[in-house]
Amino acid sequence: MASITDEIDQIISVKILSQQDDPELYSLVKNHLVHGPCGSLNPRYPCMKKGKCSRFYPKKFQPHTVLDADGFPVYRRRNNGNAIEKNGVIVDNKYIVPYNARLLRKYQVHINIEWCNQSTSIKYLFKYINKGYDRVTTILIDEDNDQTENGGTHNDEIKEYLDCRYISPCESTWRIFGFPIHGRKPVVERLHFHLPGQHSVLYEDHDDIDDVLSKPCISDSKFISWMNTNQNSVEGRNLTYAGFVSKFVYNQKKRCWQLRKKGYTIGRLLWVPPITGELFYLRMMLTVCKRATSFEDLRTVDNVQYSKYKEACFAMGFLQDDKEFIEAIKEAKDWGSAHYIRKLFVLLLLTATMSKPKQVWDQTWHWMADDIVYNYKKSSTSPALQLDDRTLQNLVLLEIEQLLQANQRSLRDYPSMPYPEDENCPAYLDNSLILLELN
């Protein structure tokens, strides 16, 4: 299998070909892909800043493409002896801008090709989309020869300076005739969903809360209306919540769904990050559930009603077991310390990647406790100190709770996980040394 650097070399070239072997590409590289020359060859070139090239040319020869410590590529630049004369100066591969031979042959213009593997590349692309309209700055000069009382000309520089938006003739004509500027087809409708009794209620600042809550429609939402419609209408019972909008339209005033007479819309379940807990699993169930007339129906799989949406997701096969996380911790114990394994477990908790944290805990907690017995024997006057499993688990949970609280979380945020039994847990967390009294 080809490595990443081999794939980069197949796409990106930084070399001067022999004029005899490929005269066309040789000429294109000479005309479009030579930087400068700058540096000592031309200290006044525009890229020179404080005596150095701001683009870091000339580059060094590099026999093979490599990725540096920050993940940026250092392209292969071989010293093959080929050179090009540019502005009366002979340059070699050190001054060649990375390019793609196929694109260069097709468009015959300067096209700098770079390998991007950084999150900043996304910002770079979207920067141009959100730059806004083209703008021009103008200065209006008043040619009036009137003089002020003191004999000098009065110039209001603030009024003379104008920052204007530039509109091309084509855009001006388009706007004058009232043609649409943008469009979206088909329309995408946001579908809100929520747990029982947790839907949003909108009201004005001056509204009385009691009056708002007393309105009959306050208990209705777009999501609840979907379930109510399934009780009385058969047209949408074979549709999921997201597909419901293909045949129905939501009437905002009447707070009900009505059969669609024309048009087409795509429904999208509203995703408000971070979405966690039962709300996350409810969203998973909504992608497949049909004919739901209540919240209980959304927790029912094969005529079995589950108490939580997470359990229903397991029954549907959406969630897999956590063997991969158990294996990851098992592998880490061979080269990492127990403290590292505890931090790894906390990271898995914080990122909500484990489906059943309690099962992972039950199979891995003893690897997180390897250093605890040693530390207590070292600090205790009794070298033969023995800790039973219950006490040892409690101490590991204390360590995990301390790491979680450093991230504004707690084991209480994970109902399936056990919590330290010791009543003095908060006091322990405030001290670097946990005192243990043994009977």
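Author: **A close look at helix H15**

Let's start with helix H15 (residues 389–405), which has 17 residues and reaches 24 Å from its first C-alpha to its last, close to the 24 Å expected at 1.5 Å a residue. That expected span is 1.5 Å times one less than the number of residues. Helices here are DSSP runs of H or I with at least four residues, strands are runs of E with at least two, and both are numbered from the N terminus.

A word on the source: this is a predicted model, in which local features need pLDDT of at least 70 and side-chain atom pairs count only at pLDDT 80 or more, while totals for chains, interfaces and linings use all residues. Residues are numbered from 1 along each chain as its sequence is written, and side-chain values use heavy atoms, with hydrogens and water left out.

At the start of H15, a side-chain oxygen of Asp388 comes to within 3.1 Å of the backbone nitrogen of Arg390. Further along, the buried residues of the helix include Leu392, Asn394, Val396, Glu401 and Leu404. Buried means under 20% relative accessible area, exposed over 50%, and partly exposed in between, with a 1.4 Å probe and protein chains only. Leu395 is also found in H15, and it counts as buried because its relative accessibility is 5%. Between Leu395 and Ile372 there are 23 residues in sequence and 7.7 Å in space, C-alpha to C-alpha.

Now for a contrast with strand S7 (residues 135–139): of its five residues the number buried is zero, so S7 lies largely in the open. Five bridges join S7 to strand S8 (residues 161–165), and the two run antiparallel; strands count as paired if DSSP finds at least two bridges between them. Ile139 stands opposite Tyr161 in S8.

Another antiparallel pair is strand S10 (residues 248–251) with strand S11 (residues 256–259), joined over four bridges. Here Phe248 has Leu259 in S11 as its bridge partner. Four residues lie between the strands of this hairpin, where Arg255 takes a positive phi near 55°.

Definitions and conventions:
Polar contact = N/O pair within 3.5 Å; in protein donor to acceptor, adjacent residues only side chain to side chain.
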